Amino acid sequence: MSKAQLKKYLQTLPHEQIVQVVLDLYDARKAAKEYLEFYMDPDAAKAVENAKKAVLKVFYTPQGHIRAKVRAKDASDIVADFLKLQTDSEYMADLYLFHVEVILSWLCNRRIIRETAWNSVVSLFRKAADYLAATDNLVKLQPRIEKIMKFCHVAPEYLRVPQRLRQELEEAKSNN
């Protein structure tokens, strides 16, 4: 169903039925619940902190121990869901960089040298750099970006991760 069809259908419903549809949606989907709660009380600082905790929970236990197995996609989904809230770009930029920082620390703590894992870091960094460049947050967050790049020197040398991050950053700057 398209948005236009949904809009047309909702316009035919009485107010009470629309309220019931929204309440059913609230109960049915976690993402809808989070969106509606944010819509009613738009506290972006609290929302970004909750998202950071959720990303951290993907890679580390509540006691701070490293998880042996993770689904990195879960953390990416958390970031994507937060993006849908349409908060200030500063909060989103902060979460993007936090996501890269957490996955980097997890890779280093687990001493993972698989090429695919480090390629995903480069890909995540590119998404973050593109967003930062598009929202004019590169200059403000440059110290964190440099810290990430320095931290990548622990990657296997043959993968050239620091050089690739630098290249991704330059391409993001030139594209925006």
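## Charged and aromatic pairs in a predicted model

A salt bridge here is a side-chain nitrogen of Lys or Arg within 4 Å of a carboxyl oxygen of Asp or Glu. Side chains of opposite charge can pair when their charged atoms come close. Because Glu170 and Lys173 are three residues apart in helix 9, about one helical turn separates them. Helices (H or I, at least four residues) are DSSP runs, numbered from the N terminus. Glu170 is partly exposed at 40% relative accessibility, and Lys173 is partly exposed at 35%. For these words, buried means under 20% relative accessible area, exposed over 50%, and partly exposed in between (1.4 Å probe, protein chains only).

A word on the source: this is a predicted model, in which local features need pLDDT of at least 70 and side-chain atom pairs count only at pLDDT 80 or more, while totals for chains, interfaces and linings use all residues. Residues are numbered from 1 along each chain as its sequence is written, and side-chain values use heavy atoms, with hydrogens and water left out.

How many salt bridges does the structure hold? There are 14 salt bridges. One of them joins Asp94 to Lys52, with the closest N and O atoms 2.7 Å apart. Asp94 lies in helix 6 (residues 89–110) and Lys52 in helix 4 (residues 44–59), so this pair ties together parts that are 42 residues apart in sequence. Asp94 and Lys52 are both buried. These two residues also belong to a network of salt bridges that links Glu49, Lys52, Asp94, Glu101 and Arg144.

Another salt bridge brings Arg126 and Glu171 together, at 2.8 Å from N to O. Arg126 is in helix 7 (residues 115–134) and Glu171 in helix 9 (residues 161–175), so the pair links distant parts of the chain, 45 residues apart. Arg126 is buried, with a relative accessible area of 16%, whereas Glu171 is partly exposed at 31%.

Now for the rings. The structure holds three aromatic pairs, and the table shows two, including Phe59 with Trp106. Rings of Phe, Tyr and Trp (its six-membered ring) pair if their centres lie within 6.5 Å; planes under 30 degrees apart count as stacked, over 60 as edge-to-face and the rest as tilted.

| Aromatic pair | Centre to centre | Angle between planes | Type |
|---|---|---|---|
| Phe59 and Trp106 | 5.8 Å | 55 degrees | tilted |
| Tyr96 and Tyr131 | 5.2 Å | 45 degrees | tilted |

Tyr96 lies in helix 6 and Tyr131 in helix 7, so their pair ties together parts 35 residues apart in sequence. Both Tyr96 and Tyr131 are buried.

Terms used. Helix = DSSP H or I, 4+ residues; strand = E, 2+ residues; numbered from the N terminus.
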